[in-house]
Amino acid sequence: MTASKHLIALLKSHIARDDDQFLSIAMQMAAHEARKGHGQVAQQLRALVDQARSGKVERARRPVPIAQPKGDLAALVSVTFSETRLASMALTNELEQRLKRVLIEQRQQHKLVERGLQPRRKLLLVGPPGSGKTMTAGALAGELHLPLFTVLFDTLITRFMGETASKLRIIFDAMSETRGVYFFDEFDAIGSRRSERNDVGEIRRVLNSFLQFLEKDDSDSLIIAATNHVELLDPALFRRFDDVIQYEFPDQDVTLKILQSRLVGFDAKTVDWTRTVELSAGLSQAEISRAAEEAAKRAILADRLSITNDDLSSSLKERRSAAHR
Ligand SMILES: Nc1ncnc2c1ncn2[C@@H]1O[C@H](COP(=O)(O)OP(=O)(O)OP(=O)(O)O)[C@@H](O)[C@H]1O
Ligand SMILES: [Mg+2]
């Protein structure tokens, strides 16, 4: 790859705020320089990448200055500051438009609120494992520069209903105090059908109280729930959300976008993309992205800057057999 292509790839990853991608391209540039016999430049690049990587770890370890949950809340949510952007997700047109609409309504909420209208902020994400639901919560938080509070179900749901309800109250109170994205991942834990026969009633009551809180909530936080099992969810839930967003396994366009964006720093002239996309059929976004990373590793460890059909087909086959095990 030429210097200008590297530069374009660097800029793209910068725009997408994808630090990992940025640094991995810089590493490839170091390898490229080394092969051209520019040992000093290569070493300098590597040292800078190492420095950036350790700095990143340092930053992540440091206590977050604001919005660090305190007291009872601390055991119920974990907080992160996401740097993911929508641009680093490969999305169908429809899904992209739906997520952009949430961002537009959030960013221009003053216009809506002035006229007595509410921006969308209660979202239910439904779809199979690895299709990008958790990544979406991170991307929305990252785009809006809001802290991402992930609810920890293990501590939320206890054997005692009264206790669980008061814990839910703590979380919903926090939504009004600290604007953020509040993420109920694997929501089926509380979202199961209220009328299930052998339900001892506990889950049902937890769900009822969640529904009441959700309905009453008039904070300006985003509430995002995600689940793989839409069939387990009570129909009453759907009405309480402003948007129910469906996730699917990737179509061919999305597959190609994921593969190419993961391999952007490599020379892929000899890759037969049509065939590679065919080999990816039936795999989730997560598995495809993993396979592309594995292919990149193969190339790097073989001191190559080019990706071959074989790199891709081997790692896709590996993913496929792992997925079907
Ligand atoms: N649309 C996408 N574009 C690019 N990469 C994606 C996309 N969706 C998922 N991925 C990749 O797959 C990984 C896993 O996705 P994610 O955790 O969001 O799936 P999920 O739908 O939350 O799955 P689960 O139901 O198992 O929680 C992401 O970290 C990312 O690397
Ligand atoms: Mg998830």
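In strand E5, Phe183 has Ile224 as its bridge partner. The model is predicted: local features need pLDDT of at least 70, side-chain atom pairs count only at pLDDT 80 or more, and totals for chains, interfaces and linings use all residues. Residues are numbered from 1 along each chain as its sequence is written, and chains are lettered from A and ligands numbered from 1 in the order in which they are written.

**The sheet**

The protein has 16 helices and six strands. Helices (H or I, at least four residues) and strands (E, at least two) are DSSP runs, numbered from the N terminus. The six strands form an open sheet with mixed pairing, in the order E1-E3-E4-E5-E2-E6. Strand E1 (77–80) and strand E6 (243–246) stand at the edges with a single partner strand each, so one side of each has no neighbour in the sheet. Direction ignored, neighbouring strands are turned by 20° against each other on average; the axes behind such angles are lines fitted to C-alpha atoms, for helices over the stretch in contact, and angles run from 0 to 180 degrees between N-to-C directions. Strands of a sheet pair through backbone hydrogen bonds, either parallel or antiparallel.

Two strands count as paired if DSSP finds at least two bridges between them.

| Strand pair | Sense | Bridges |
|---|---|---|
| E4 (residues 181–184) and E5 | parallel | four |
| E2 and E5 | parallel | five |
| E2 (residues 122–126) and E6 | parallel | four |

Leu123 has Ile224 as its bridge partner in E5, and it stands opposite Asp243 in E6. Strand E5 (residues 222–227) is mostly covered, with six of its six residues buried. A residue is buried if 20 or more other C-beta atoms lie within 10 Å of its own, exposed if 12 or fewer, and partly exposed in between, with C-beta atoms placed from the backbone. Leu222, Ile224 and Ala226 point one way from E5, while Ile223, Ala225 and Thr227 point the other way; all are buried.

**Overall build and domains**

Taken along the principal axes, the C-alpha atoms fill a box of roughly 70 × 40 × 40 Å. Of the 325 residues, 35% count as buried. Among contacts between residues at least 6 apart in sequence, 76% join residues at least 24 apart. Two residues are in contact if their C-beta atoms, placed from the backbone, lie within 7 Å.

The protein is divided into domain 1 (1–62), domain 2 (71–246) and domain 3 (251–325), with bounds from an automatic or database domain assignment. The C-alpha centres of domain 1 and domain 3 lie 21 Å apart. Their contact takes nine residues from domain 1 and four residues from domain 3. On the domain 1 side, helix H1 (3–15) and helix H2 (19–35) are the elements that give two or more residues. H2 supplies the largest share of that side, five residues. By class, the side of domain 1 that touches domain 3 has four nonpolar, four polar and one charged residues. Ala, Val, Leu, Ile, Met, Phe, Trp, Tyr, Cys and Pro count as nonpolar, Asp, Glu, Lys and Arg as charged, and the others, Gly among them, as polar.

Gln40 is placed in helix H3 (residues 39–61). With 9 other C-beta atoms within 10 Å, Gln40 is exposed. Gln40 and Ala30 are 10 residues apart in sequence and 9.7 Å apart in space, C-alpha to C-alpha.

In helix H13 (residues 252–262), the residues Val254, Thr255, Ile258, Leu259, Ser261 and Arg262 are buried. Their cover includes helix H14 (273–279) and H15.

**The ligand shell**

Around ligand 1 there are 15 residues, of which Pro129, Gly132, Thr134, Gln285 and Ala286 come nearest. A residue is near a molecule or strand if its C-beta atom, placed from the backbone, lies within 6 Å of it. Helix H7 (133–144) and helix H15 (285–301) are the elements that give two or more residues to this shell. Domain 2 and domain 3 each contribute at least three residues. By class, the shell has seven nonpolar, seven polar and one charged residues.

**Positive phi values**

Most residues other than glycine have a negative phi. Glu186 has a positive phi, near 45°; it lies in the loop between E4 and helix H10 (188–191). Glu186 is partly exposed, with 16 other C-beta atoms within 10 Å. Asp303 also has a positive phi, of about 55°, and lies in the loop between H15 and helix H16 (309–323). Asp303 counts as exposed, with 9 C-beta neighbours inside 10 Å.
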